[in-house]
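Here is a friendly tour of a model with two chains to explore. Take a look at the picture, then follow the points below.

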Amino acid sequence: MRSSVIIFPGSNCDRDMDVALKKFGFKNQMVWHNDQSIPKSDLIVLPGGFSYGDYLRCGSIASKSKIIKSVIDFANSGGLVLGICNGFQILTETGLLNGILQQNKFLNFICSNVYVKVKDKQNKYFKDLKKDVLELHIAHNEGNYFCSDDELKSLEDNNQIAVTYCGIDGTENETTNPNGAIKNIAGIFNKNKNVLGMMPHPERMIDKYLSGEDGSLFFKNILDNFK
Amino acid sequence: MKIKVIVTLKNGVLDPQGKAIQQTLNGMNFGNVEDVRQGKYFEIEVKEKDEKKAKSSVDDMCKKLLANLVIEDYKIV
């Protein structure tokens, strides 16, 4: 499975993503934001970081960069596009995903492990995933997902909520919500479920000695579903 | 021509920074502060002589980049 990771000025999880993808057998290439086109890919990843220093709004400047037109065309033709953290913020700013990531409710930068519940498995990312609750890592200041009531209803009606913050046993409530995100939302899909944006970093959970392996499950699952 | 734009959060959208500023002001004995909403202010130099044209172009900029209409409103002043 071929993948491309797009690098923006200020991206800082691009190399971690490259390491993770290659570890599980993706043929990965790095693509600079100023390039016009993306090499033939089955998956495009917008990595985490602080593209353009989070100027104006997180992800807003990156969402207008040269490469983005190719990303949008790829997504609209059904290609898999994954945005992690800042990548999720960029996807909402391009309009590929609904809503916006606002500043965390309690104004603090959060860097910690969290549990997320997989809410939908009828898609190429989570289909047949063995677990329902994953332990992943978050590191963000703007992860407080917000959208209008109409958009939320539409997300729920179409099962577009991908993952939600929860406890180790899957309980979702205010105490398991780190940043104030509406309905504990940690990640969402577009209507066709080929575009996934999420705040947690699976690429940081791929080593059983350093962190945990729930991120490994995520990447292996994408590969399994591609075969 | 210089066009000025103010971008603010829509009513009802949580503004934790505004809230923190309000609480700080209250703590500084400005007891009369009931609410603070924080926004952004832009001065845009547009190469255009006709004010109407300049404003209409800035309006387009607001919709496409300067404001995110999911949570923000903008005003050209």
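Between chain B and chain A, about 1200 Å² of area is buried, and carbon and sulfur atoms give 64% of it. Buried area here is the accessible area (1.4 Å probe) that two parts lose on being put together, summed over both. Please keep in mind that this is a predicted model, in which local features need pLDDT of at least 70, side-chain atom pairs count only at pLDDT 80 or more, and totals for chains, interfaces and linings use all residues. Residues are numbered from 1 along each chain as its sequence is written, chains are lettered from A and ligands numbered from 1 in the order in which they are written, and side-chain values use heavy atoms, with hydrogens and water left out.

**Where the chains meet**

- On the side of chain B, the residues that lose the most area to chain A are B:Pro16, B:Leu65 and B:Val70, together 37% of what that side buries.
- Chain B brings 16 residues to the contact and chain A brings 16 residues, where contact means heavy atoms within 4.5 Å.
- Seven residue pairs are in polar contact between chain B and chain A, both at pLDDT 80 or more. A polar contact is a pair of N or O atoms within 3.5 Å; within protein, one must be able to donate a hydrogen and the other to accept it, and residues adjacent in sequence count only if both atoms are side-chain atoms.
- Helix H1 (16–27), strand S2 (39–45) and helix H2 (51–66) of chain B each give two or more residues to the side that touches chain A. Helices (H or I, at least four residues) and strands (E, at least two) are DSSP runs, numbered from the N terminus.

**Salt bridges**

- Side chains of opposite charge can pair when their charged atoms come close.
- The rule for a salt bridge asks for a side-chain nitrogen of Lys or Arg within 4 Å of a carboxyl oxygen of Asp or Glu.
- Across the interface of chain B and chain A, this rule finds one salt bridge. A:Arg57 and B:Glu72 meet in a salt bridge through their side chains (3.7 Å, N to O).
- Over all chains, the count comes to 19 salt bridges.
- Within chain A, the side chains of A:Lys69 and A:Asp73 form a salt bridge (3.0 Å, N to O). These two are separated by about one helical turn because they are four residues apart in helix H2 (residues 68–76) of chain A.

**The sheet of chain B**

- Three strands of chain B make an open sheet in the order S2-S1-S3, with antiparallel pairing. Two strands pair if DSSP finds at least two bridges between them.
- The edge strands are S2 and strand S3 (72–76) of chain B, and each pairs on one side only.
- Strand S1 (residues 2–9) of chain B pairs with S3(B) in the antiparallel sense over five bridges.
- Which residue stands opposite B:Val7 in S3(B)? B:Tyr74 does.

**The sheet of chain A**

- Nine strands of chain A form an open sheet with mixed pairing, in the order S2-S1-S3-S4-S11-S10-S9-S6-S7.
- The edge strands are strand S2 (27–32) and strand S7 (133–140) of chain A.
- Strand S9 (residues 161–166) and strand S10 (residues 185–189) of chain A pair in the antiparallel sense over three bridges. A:Val163 has A:Gly187 in S10(A) as its bridge partner.
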